[in-house]
Amino acid sequence: MGQTPAQKAAKAASGQQPKRKRPGKAQREAIKQAQAAKKAGGGKPAAKKTAAKKAVPLPRGSLRAAYPGTCPACFKDYAKGEVITKVADSWGHPGCAPRQLSAAEREFARNKARIESGETFRGQKPSDWRLGSSPSSTRPAR
């Protein structure tokens, strides 16, 4: 029947677990309904929506606004939680930010400017070609 505290302590020390009470009929019914809902995909739909919202990757250098603000480029407001990125010295809409060039695009633009300014890549000097004549006719004789 009832165990004394000394008997309970001896049983716990020997590694045996004390008997647990079986849940009542109402509790068993609630547990079964919760398990059935979990298998069916029910549960907490609000939690799934927030998890899906966070699972979407943001563009590099962007984040969600912690509080509402104003874009410095277009002067339109953005709401809390909206995706924003660095625009000049502040934060604003990703579409308002100037596009960052890749390293290859920067090198191409630099080379194009050098060619258009008249520089050549051999010898780093201006070209001595004359329009309409061959290169051999412009060089001094050796």
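This is a predicted model: local features need pLDDT of at least 70, side-chain atom pairs count only at pLDDT 80 or more; totals for chains, interfaces and linings use all residues.
Residues are numbered from 1 along each chain as its sequence is written, and side-chain values use heavy atoms, with hydrogens and water left out. Local features need pLDDT of at least 70 and side-chain atom pairs count only at pLDDT 80 or more, while totals for chains, interfaces and linings use all residues.

Strands (E, at least two residues) and helices (H or I, at least four) are DSSP runs, numbered from the N terminus. Two strands pair if DSSP finds at least two bridges between them. Strand E4 spans residues 83–87 and runs antiparallel to E1, residues 62–64. Three bridges join E1 and E4. Leu63 stands opposite Ile84 of E4. Three bridges also link E4 to E5 (residues 90–92), again antiparallel. Here Val87 faces Ser90 of E5. E4 and E5 form a hairpin with two residues between them. Ala88, in that turn, has a positive phi of about 55°.

Helix H4 covers residues 103–116, 14 residues in total. From first C-alpha to last it reaches 20 Å, close to the expected 20 Å. The expected span is 1.5 Å times one less than the number of residues. Gly118 follows H4 and has a positive phi, near 105°.

A disulfide is a pair of cysteine sulfur atoms within 2.5 Å. The whole structure contains zero disulfides. For Cys71, the nearest cysteine sulfur belongs to Cys96, 3.7 Å away. For Cys96, the nearest is that of Cys74, at 3.6 Å. Relative accessible area (1.4 Å probe, protein chains only) defines buried as under 20%, exposed as over 50% and partly exposed as in between. Cys71 is buried, at 1%. Cys96 is partly exposed, at 27%.
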